[in-house]
Amino acid sequence: MAMKRNGKSPVSSDPDEQVMFFKDVSLGPHETQLRFRLIHFWEARNPVKKTLIGLEMLLIDEQGTVIQGFIPPGRIKKYLPDMKRGSVYKLINFYGSKNKPVYRVTDHVATVSFAWNSEMSVLHEIPISFDEDRFRFHSYEDFEANCDLKGDLYDVVGHMKLVDGQTLIERPSLDLAKIATTRHIVVHVQSHEGPVMKLYLWDQAATDFCEKFNSCENTPTVLLVTTVNTKRLGAGTLALTSMSPTRVFMDSDVQPTRDYFTWLGSNPEIANQVSADVITKRETLSIAEIFSYMTQESAKAAFFECTATIDDVVHGYPWYYIGCSGCHSKATNGPSSLICTNPKCEKVNTDGVAQYRAKISVYDNSEQAFFVLLGDAGRELTGRHASELVSSYFEANKSEGADHEVPVPEALISTIGQTHKFCVKVTDHNFSGNTRAITVTKILSLDPTPPTEASVRNDIAAMSEEAAQTGNDVCGPLKGRGVSGDEESKRMCSSADPETAKRPRCEN
């Protein structure tokens with residue numbers, strides 16, 4: 001009787017080779033054989049240095065047990081040429097290492113790590129049947145319970161309500177150039193009769209989604225996304241974000257999407273159960289209520305609406321900054337040109353474009369506060385781009401040098417006394433006590449007329465952009481993405497005022 005190295009019971013009836021099942025894999029070295037289907041593999045990189053840590057894999061054996069695999073970076077070239085998703089392999093000699101405690105993609109306590117003497121080969125003649133895949137679905141309540149814990153990554157299946165801010169009434173038009181620039185797409189998805197959830201697909205997952213969506217003959221409605229991380233965004237809204245191992249399936253791609261599609265067809269009322277205005281509604285608070293929220297121990301980054309009146313524009317405070325012409329992150333002076341501070345931006349040597357960062361004093365019936373206008377919010381208030389105002393000043397004052405600080409323009413001063421509905425975001429800086437100034441992301445009309453479908457779409461798109469920009473103040477580079485199991489990073493920076501604004505090297 002063939003026995004395993006650790007002395008457990010036999011694991012295979014094969015008279016020639018000793019085969020171990022995944023359920024019997026323990027920690028430590030093993031000289032036996034594994035047989036499995038390679039479901040998926042992806043690169044694991046250091047979240048800061050972006051150096052390659054290794055190749056991670058998702059494997060399933062003939063009993064349907066799923067386990068995670070790992071190949072160290074020095075051994076990847078040996079195995080990668082023969083690796084193909086969906087193929088079946090046998091592996092001789094491996095090391096059972098402890099499964100990582102965060103961002104786990106399987107329930108197994110061990111990871112199959114390739115050792116110095118590991119030998120992997122393709123099984124062309126497969127004597128037994130292997131499942132194609134295995135998913136781990138959880139309920140909305142489970143997602144809530146695991147929110148922000150950086151624990152296991154679960155799978156979600158549901159029907160799409162909105163894609164990139166567009167309903168499915170008419171086939172959404174996806175702007176691939178925009179998605180390539182922002183590196184993400186937002187999908188509102190509802191699982192069965194549960195609440196609608198925001199799903200952020202980043203980088204490769206966003207690309208895969210767009211390619212699948214556009215290639216479907218009919219508008220797809222069912223979406224399955226694997227290994228998502230749960231987070232709280234906005235005013236406590238539960239959101240799901242993709243990670244490096246994330247895969248995307250639609251309608252008839254796999255059995256769970258086909259089953260869900262059938263269920264949805266039998267329950268047509270479910271598809272119209274949630275209206276778009278419920279999905280996009282922000283909580284309206286007074287200034288005093290926002291300040292009170294900031295003092296709560298459980299407070300997190302959130303978005304609110306606040307109606308307030310402008311009573312002053314703060315002078316002696318730079319009302320604009322010089323941003324990268326590509327991603328709008330802050331640009332700094334380099335040896336011969338401006339350098340974008342965003343490490344992921346392709347424009348390392350960039351042209352400078354003036355962007356709003358004006359500080360205004362506002363009040364309502366409850367309290368007074370300072371708001372900071374960023375980017376498009378300043379244009380929405382004044383009706384003019386910051387770069388236009390800066391260029392106009394230097395054209396009228398040609399004797400001024402490039403280092404001259406441009407005074408607050410009349411376009412901003414003339415807004416004193418106006419009342420507006422501000423969309424604001426509260427960030428970690430407000431909780432840490434570094435600043436009480438609140439960032440304005442958008443300015444809405446005070447018109448009380450009901451929202452149209454077009455205005456709802458625009459509001460959804462605005463919230464999607466806000467969610468992607470959370471904590472990404474102009475004084476720091478864009479770092480995060482909805483990100484991989486070992487790549488999640490926050491997009492926060494120092495709240496210190498930027499250096500005195502200077503004349504940009506290129507306008508318009």
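This is a predicted model: local features need pLDDT of at least 70, side-chain atom pairs count only at pLDDT 80 or more; totals for chains, interfaces and linings use all residues.
Residues are numbered from 1 along each chain as its sequence is written, and local features need pLDDT of at least 70, side-chain atom pairs count only at pLDDT 80 or more, whereas totals for chains, interfaces and linings use all residues. Side-chain values rest on heavy atoms, with hydrogens and water left out.

The protein has 13 helices and 24 strands, taken as DSSP runs numbered from the N terminus (helices H or I, at least four residues; strands E, at least two). Of its 508 residues, 52% are buried, a term that stands for under 20% relative accessible area, with exposed meaning over 50% and partly exposed in between (1.4 Å probe, protein chains only). The accessible surface comes to about 23,700 Å², and carbon and sulfur atoms hold 50% of that area, as computed by the Shrake-Rupley method with a 1.4 Å probe. Where contacts (heavy atoms within 4.5 Å) join residues at least 6 apart in sequence, 66% of them link residues at least 24 apart.

An α-helix has 3.6 residues a turn, so residues three or four places apart point the same way.

Because F135 lies in the loop between β7 (119-122) and α2 (140-145) while F249 belongs to strand β14 (residues 248-250), the pair ties together parts that are 114 residues apart in sequence. F135 counts as buried at 15% relative accessibility, and F249 counts as buried at 13%. Y293 and F304 also form an edge-to-face pair, 5.1 Å centre to centre with 75° between the planes. Since Y293 lies in helix α8 (residues 287-294) and F304 in strand β16 (residues 302-313), this pair ties together parts eleven residues apart in sequence. Both Y293 and F304 are buried. Elsewhere, ring pairs link F22, F36 and Y89 into a cluster.

Definitions and conventions
Rings of Phe, Tyr and Trp (its six-membered ring) pair if their centres lie within 6.5 Å; planes under 30 degrees apart count as stacked, over 60 as edge-to-face and the rest as tilted.
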